[in-house]
Amino acid sequence: MKRGFRQMLDEANAEIEAVSPDEAAALLEDDGTIFVDLRDPREVEQSGRIPGAKHCPRGMLEFWIDPDSPYHKAYFASGKSFVFFCAGGWRSALATKTAQDMGLTPVKHILGGFTAWKDAGLPIETPEGKK
């Protein structure tokens with residue numbers, strides 16, 4: 001293997017901005033910031049989500065960012081700031097680097113992802129019937 005995931009994470013983390021869950025929470029009410037949940041739909045359904053976060057499965061990110069893609073989502077062309085997160089911070093670190101390489105700025109990710117957010121006792125919208 002030429003480059004494993006750990007090397008890719010190290011390379012990404014050297015070039016991207018990461019914020020703690022508390023730092024991210026301070027941006028939750030900022031109209032100029034969009035939170036993007038990169039987890040699989042089943043993960044979101046199982047454990048809930050950060051209030052107001054957009055959902056973009058990691059496998060669709062590049063297609064949703066690129067305005068030339070038939071799958072483009074307009075909120076990625078809004079000129080706003082983005083805070084990405086996944087369950088533990090690995091997918092979001094790689095996604096942040098990819099988005100940055102594509103020209104999406106400013107973008108950052110939550111250290112420790114949704115798990116760290118939840119462990120910090122920050123607000124979560126839970127799926128109906130789940131606690």
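## Salt bridges and a cis peptide bond

E62 has a relative accessibility of 26% and so counts as partly exposed (between 20% and 50% relative accessible area; buried is under 20% and exposed over 50%, with a 1.4 Å probe and protein chains only). This is a predicted model, in which local features need pLDDT of at least 70 and side-chain atom pairs count only at pLDDT 80 or more, while totals for chains, interfaces and linings use all residues. Residues are numbered from 1 along each chain as its sequence is written, and side-chain values use heavy atoms, with hydrogens and water left out.

The whole structure holds nine salt bridges (a side-chain nitrogen of Lys or Arg within 4 Å of a carboxyl oxygen of Asp or Glu). Among them are these:

| Salt bridge | N to O distance |
|---|---|
| R39 and D37 | 2.7 Å |
| R58 and E62 | 3.1 Å |
| E15 and K97 | 3.4 Å |

R58, the partner of E62, is partly exposed at 21% relative accessibility. Salt bridges with shared partners join E15, K97 and D101 into one network. R39 and D37 are both buried.

E15 pairs with K97. This pair links distant parts of the chain, 82 residues apart: E15 is in the loop between helix 1 (5-13) and strand 1 (17-19), and K97 is in helix 5. Helices (H or I, at least four residues) and strands (E, at least two) are DSSP runs, numbered from the N terminus. E15 is partly exposed at 47% relative accessibility, whereas K97 is buried at 17%.

The loop between helix 5 (90-102) and strand 5 (107-110) contains P106. The peptide bond from T105 to P106 is cis, with omega near -10 degrees. Most peptide bonds are trans.
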